[in-house]
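Visitor: I have a protein open here and would like to talk it through. Can we start with how its parts meet?

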Amino acid sequence: MSEGKKKVDNRRTIDPAALQVIDHNDGNGQVETTYERYVKMQPQCNFGRTGVCCRICLQGPCRITKKASKGICGAHGYSIVARNLIRSISGGTGAHADHSRHMLYALMEVLEGKAPDYKVEDSAKLKRVAERIGLEVEGKDDNELLEGVLQQAMADFSKITSETCKWLETTVVPERMEVFKSCNINPRSVHTTIAETMGQTHMGVDADPVNLIFQGLKTSLCDYICMHIGTDLSDILFGTPKPVATEANFGVIDPEMVNIAVHGHNPLLSEMIVRQAREMKSEAEAAGAKGVKCMGICCTGNEVLMRQEIPVLTNFLSQELPIMTGGIDAMVVDVQCIMPGIKAVSDCYHTRIITTMSHSKIPGSYHVDFSEEHAVEKAREVVNLAIEAYKEREEKTCNIPDIKHKVIAGFSMEAMEEVLGAINPDEPIKVVTDAIDSGQLRGVVLFAGCNNLRVPHDASHAHIIKEMAKNDVLIVATGCAAGTAAKLGLMNDEAVEKYAGEGLKKFIHSLNEANKDKLKEKLPLVFHMGSCVDNSRAYDFTTALARQWGVDTPKVPFVASAPEAMSEKAVSIGSWCVTLGVPTHVGVVPEVTGSALVDGIALQIAEDVYGGYFIWEEDPEKAAEKILAALDERSWKLKIHKQTAEKYETELSAGW
Ligand code: NFS
Ligand code: SF4
């Protein structure tokens, strides 16, 4: 069926706050948003959609049809699809590398005394990371440890020699490393591999789809490496998240405050803005407001939610809409997932769009040139611009939907272990493996990824999350998937009572009971593990489960699901999930269906080689069934293998 023929409308969201803004705008009829642009863009090109359009050389575009089954150079559809796919993985990896490299630069400046407004907030994490990557920690102070960690991180980023990257080797089970080595996808370093992939996909180099895909998987491992580095360095610099309580959705906009939305991914500036906003109350009062309120969009929002208890404003797809409430004074953006469309929307309101990174600008916006050296000064400049804008706000245009939900977030792996440790302090993860072994829990599912207008906004996330809860699955979430859960009231204790099946409810209740003197709030239905970069935390959870059972990760009943995937980063994350042994559901079929061969590698061959595999399923009901089936298959196999090992007094079978 040609997808372009589908009927689309501009109410493609189930978020009631977003719908209120869209409907109000329809009444006034002025501002165009992504919801309307999507309609105008139909029908979209099916060659691009299925991956069979090649623009790699200037003879292109070459499009594979029945009449022209090869490109002008003779490239088959499978080579074209595979090349496009792995360039996309490379793009995602490049974006994550950009983010974590910035964290690395900042910490180098801290070390050299050139970033006076920052310091190591979490020495304990610094020590844990140093120990994990094999550094000698005895008798060393923070600076010495930091220097060692940064040197190793730099090597993982850019060395051209062949020894194994520390952030890979020390965070996965040893059996995984053996698989990577035997398949020749053990990367030299992040930058080297991105460069290799660009070279390998140049016109007239690699035409072998399997070889290309394996290079793509190697690249995706680099994505995992730099994400893990990003998480570790952010924790060292700003602290490892602990449980926090706040609220989410447009109702967090307070008409009496100067409202600043922080949007993008990098916590370096947003952390500073949040801190300065708290200190600049008197300046806001002088302008007639009660104070300055920060709120988050996308992953920079997740970062400051996890560490600073900052409310969630919205997730990716609805990023333009808060401006249309008339209540946002400034939207401060750094990098990634920022729609250029926010500028045109802001032109109809008093809102100031403030870009902050030299490599991420939007024409016509304010630009505050952020630097680590003058972080506080730059953050104050941003807050001042917001206060100035507040003075121009016309109260009459404020139309803020009164919709918000309680949110409990802040579940780093350390925080999870602490919570589980209240039941079993020596082996916290055993609390989860026991619950799965006994059948109380059916497994663990990670919800990750974006929003994508190909499917109604937030609908697939919400549906599959509720289905998993009902079926006793322990749920963790990151990125914009976590944003959906927060906005729609699925990230609090009330949701446990409302949606959890008996097993899951009992499991969470027993944790609440064991933690009643430690936690201020009861535990939520969906455990927020952080930004997309923090999918590294979610994979640490898989590794911890695998270690607890003494198996390789393909045996663990853990599934990842990106029901509304959109970005190249999502493509690279999905690819490393598979390579690292995780069944991975994607709710928007990626651009690979133009080649049955490449599609088959993703769906089947990947499992034979790596133990993980993709599940493409756009229908959320069917997706929930397939995810549960994947969990059950693994739990069942694990049980059989364990029984066999006990019966014959042998080792647990290594296969999957
Ligand atoms: Ni992840 Fe986070 Fe959201 Fe998708 Fe974009 S913000 S990094 S890429 S859209 S989840
Ligand atoms: Fe066409 Fe080959 Fe050039 Fe691609 S590389 S655009 S298939 S001629």
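**Domains and ligand**

Visitor: How many salt bridges are there across the interface of domain 1 and domain 3?
Guide: The rule finds four across that interface, a salt bridge being a side-chain nitrogen of Lys or Arg within 4 Å of a carboxyl oxygen of Asp or Glu. In one salt bridge, the side chains of K125 and E414 meet at 2.8 Å, N to O. This is a predicted model, where local features need pLDDT of at least 70, side-chain atom pairs count only at pLDDT 80 or more, and totals for chains, interfaces and linings use all residues. Side-chain values use heavy atoms, without hydrogens and water, residues are numbered from 1 along each chain as its sequence is written, and chains are lettered from A and ligands numbered from 1 in the order in which they are written.

Visitor: Where do the domains run?
Guide: Domain 1 is 77–238, domain 2 is 250–393 and domain 3 is 407–648; the bounds come from an automatic or database domain assignment.

Visitor: How much area do domain 1 and domain 3 bury between them?
Guide: About 3100 Å², with 67% of it on carbon and sulfur atoms. Buried area is the accessible area (1.4 Å probe) that two parts lose on being put together, summed over both.

Visitor: New topic: which residues surround ligand 1?
Guide: Among them are H265, C298, F316, C450, M566 and K569, where a residue counts if one of its heavy atoms lies within 4 Å.

Visitor: Why does ligand 1 lie between two domains?
Guide: Domain 2 and domain 3 both give residues to the shell around ligand 1, so ligand 1 lies between them.
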